Amino acid sequence: MKYFLFVLTLITFSPASLLAQAPNPGRISAADHKVVELHNQKVSMRDGMSIALDIYRPAGDGRFPAILCQTPYGKGTMAVRARWFAQRGYVVINSDVRGRFGSEGEWDPFSPLHKSDGYDLVEWVAKQPWCNGRVGTYGQSYLGWTQWWTATQAPPSLKCIVPEVAPPDQFFNGPYQNGVLVGWAMDWAALMANRTMNVVGKGAYGGFAETRDVDYRRLPYIDLAKHRGVGHAKWFETWIRQNTADGDYWRAIAYQTPEQSARVQVPSLGISGWFDANFSGTPSNYLAMKQHGGTPEARQARMVIGPWNHQINLSPKVDYADFGASSVIDWDGYVCRWFDYHLKQIDNGVLKDPPVHVFIMGRNEWRTASDWPLPETQWTKYFLHSAGKANGSGGDGTLSINAPADEPPDGYTYDPTDPMPSPHFVNGHIAGPRDVRRAETRSDVLIYTTPVLEEEVELVGPITAKLFAATSARDTDWMIRLIDVHPDGTAAFLCEGVMRARHRDPENEGAYNPSRLSTIEPNTIYPYTIEFWRATGNAFAKGHRLRIEISSSFFPYYLRNLNTGADNVGLETDSVVAKQTVYHDRDHASHIVLPVIPRR
C-alpha cells in the first residue's frame with residue numbers, strides 16, 4: 001500500500017457526478033502506539049478445530065477496537081499492514097483459514113465451515129480483555145470472500161467490513177466465468193492444492209504460469225492437478241464435476257443471493273481495479289447491499305474503482321499506460337478513516353462522502369458519483385455491420401448507432417486445437433490495456449470498428465451485448481471484447497464478456513443461467529445476452545476509435561470449449577471444429593449497449 005495524502009482537485013460537474021476527487025483520508029488516527037505482537041495463538045472453533053492466529057495490539061492497558069483478517073496465504077504475510085493499524089490504536093488479528101498453515105481441519109477453499117469460523121473468530125475477538133467489543137475486517141481477494149462469508153452470518157460484534165478486490169460467487173468469476181473455466185483459477189488451484197503453497201520453478205502462481213499453455217491443452221481438464229504434480233485435491237475434482245451452480249457444494253458457499261445479502265447487517269467499503277480479474281465482485285456487492293442489505297447501515301455501501309489490476313494501488317503504470325500520479329491514492333488512510341468512524345465512533349464525516357469513486361482512464365482523473373451505474377448514463381446501442389467479411393483487422397466490419405437493415409452474416413471457424421491467443425497475464429490478471437492487434441490479424445475473430453471519433457466519447461459503467469448467433473456444434477463459447485483503438489494503431493484491450501452457449505437461458509432472452517444447461521441445436525440462430533463481467537471507465541479521445549471483437553476462444557486466459565456438446569466439458573478428451581455465424585440484420589440486430597456519459 002502507498003501511504004501519502006492525495007491533494008484534491010475540485011471541478012464542478014452535474015449534481016449526480018459531483019467532484020473530480022479521489023477518496024480522501026482527511027484526519028485519521030495518529031500512529032502514536034507501540035505495538036505488542038503475539039504469534040501462533042490457537043482458538044477453538046465450535047467443532048473443536050483450532051485456528052492459528054497472530055495478534056498485533058497497542059502496548060499498555062486499555063480496550064481497543066479490533067480488525068480481523070482471515071487468509072489462506074499465511075498469516076505472517078499480513079504483518080506489515082497489521083503493524084500499521086496497530087500503531088493507530090487497533091488490535092489486528094491475522095488468522096490462517098481452516099486447513100491452511102497453522103490451522104487445523106481439512107482445507108477446501110469453498111467449505112461452508114469458513115462461514116462459521118468467521119463468526120466464531122469475530123465473537124472470540126470481541127470478548128478479549130484488550131477489545132472494546134467492536135470488530136471490523138479487511139483483506140484482499142480470497143480475504144474479501146472470507147469477509148462476505150462472515151458477514152452473512154451476522155456476528156453481533158461485527159460493525160463493518162472492507163472487502164478489497166473481492167470475487168463474486170463462483171459461477172460469475174472463478175473457477176467458472178459465465179460457464180467457462182478461467183485459467184487463473186486453474187493456476188490458483190495448483191498453488192493452493194495442499195496445506196502450504198505449492199512452488200515448482202520460479203515465477204507467478206508458484207511457477208505454474210510458466211507451463212500453462214501446455215498444461216491447459218492436456219485433456220481431460222479434471223486431470224490438470226495431476227499433470228502439474230501437486231497431488232490429489234478432492235475439491236478440485238468437485239469443481240470440475242459440479243459444473244453448474246445448482247449443486248449442494250456451490251449453494252453452501254454462495255453469498256450473493258438476495259437471501260444471503262439480506263443477512264448482512266454491516267456497512268461495506270469495497271475497492272477494485274478496471275483490470276482486476278475479480279472485478280465484478282465489487283460492483284455486484286455494492287448493488288446487492290444497496291438493494292438487499294439487511295439494515296440501513298448495510299445499505300450504506302461504498303465503492304472505489306481505480307486503473308489497476310488485482311494488485312491495487314501500487315503504481316500509476318499498468319502495462320504501457322501511465323495513468324498519472326493521482327491514480328495512486330492513500331488507500332490505507334481512507335480505510336483507517338472508515339474504521340475510525342465505525343469502530344472508534346469518531347464523527348469524521350466519512351458517510352457524507354459520495355458513495356462511489358471511479359477513475360476515468362483517458363482523462364486520468366477521479367470522479368465521484370451518487371450511485372452505480374452513474375445516474376446520468378445514456379445507455380446507447382452500437383450495432384454490428386459488415387458486408388459479410390468482418391474477419392480480422394483487414395475485414396469490413398463497422399460499428400455504429402444505426403440499426404442494420406438487410407446485411408449478410410459474418411462467419412468464422414473455431415478450432416479448439418488452434419485457439420485465438422489472449423494477452424499474457426500475470427498472477428492471473430490481464431495487467432492493463434494490453435495491445436491485442438497482433439491477434440486481430442487472425443480469421444477466427446470478427447472485428448467491428450467505428451469511424452475515427454470527431455469528439456471524445458466517455459464510457460463509465462457496465463456493458464451488455466446482444467448477439468444473434470449460430471454454431472454447427474452442440475455447444476461453443478461466445479466471447480466479445482471492447483477495444484480502444486489509438487491513432488497509431490494500438491488496440492488497447494479494456495474489458496470483455498463471455499458465455500458458454502449451453503448456459504443460455506431460453507426463457508430469459510438468452511441471458512446467462514449458472515444453474516442449468518440448455519440445448520443447442522446445430523445451425524440454429526439463438527439470441528445471447530452477454531453481460532460483461534468487467535465494466536469500464538474510459539474516455540475515448542478525439543481521433544480514437546471504438547472496436548468490438550468477437551471470437552470463441554481467448555486462450556490461455558479461458559480454457560477451451562471443446563464443442564462436443566457434452567454436459568461436462570471438463571471430462572472430455574475429444575474436440576469438434578465449429579462453424580460460427582454472427583447475424584446483424586433487421587430481424588437479428590446484434591449490438592452492444594455502452595454506458596455513454598454526457599459531455600461535461
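From which domains does the lining of the largest pocket draw at least three residues each? They are domain 1 (35-171 + 254-369) and domain 3 (378-597), with bounds that come from an automatic or database domain assignment.

## Basis of the model

This is a predicted model, in which local features need pLDDT of at least 70 and side-chain atom pairs count only at pLDDT 80 or more, while totals for chains, interfaces and linings use all residues. Residues are numbered from 1 along each chain as its sequence is written, and side-chain values use heavy atoms, with hydrogens and water left out.

## The largest pocket

On a 1 Å grid over the protein atoms alone, a pocket is an open set of points with protein on both sides within 12 Å along at least five of seven lines, a cavity is a set where a 1.4 Å probe fits but cannot get out, and lining residues have an atom within 4 Å of a point. A volume is the space filled by probe spheres set on the points, which are joined across faces, edges and corners.

The largest pocket has a volume of about 1,100 Å³, and among its 38 lining residues Phe 172, Gln 256, Ser 280, Ser 284 and Glu 531 lie nearest its centre. At least two lining residues come from each of α8 (248-253), α10 (281-292), β24 (511-512) and β25 (526-531), and α10 gives the most, with 6 residues. Helices (H or I, at least four residues) and strands (E, at least two) are DSSP runs numbered from the N terminus.

By class, this lining has 21 nonpolar, 12 polar and 5 charged residues, where Ala, Val, Leu, Ile, Met, Phe, Trp, Tyr, Cys and Pro count as nonpolar, Asp, Glu, Lys and Arg as charged, and the others, Gly among them, as polar.

## Enclosed cavities

A search of the whole structure finds 5 cavities of 30 Å³ or more, and the largest cavity has a volume of about 140 Å³. Its lining consists of 17 residues, including Tyr 176 and Arg 500, which are among those nearest its centre.

## The chain and Gly 247

The protein chain holds 11 helices and 29 strands, and its C-alpha trace spans about 80 × 60 × 45 Å along the principal axes.

Gly 247 is placed in the loop between α7 (234-241) and α8. This glycine has 15% relative accessibility and therefore counts as buried, a term that means under 20% relative accessible area (1.4 Å probe, protein chains only). Gly 247 and Ser 515 are 268 residues apart in sequence, yet their C-alpha atoms are 8.3 Å apart in space.

Notes: Buried means under 20% relative accessible area, exposed over 50%, partly exposed in between (1.4 Å probe, protein chains only).
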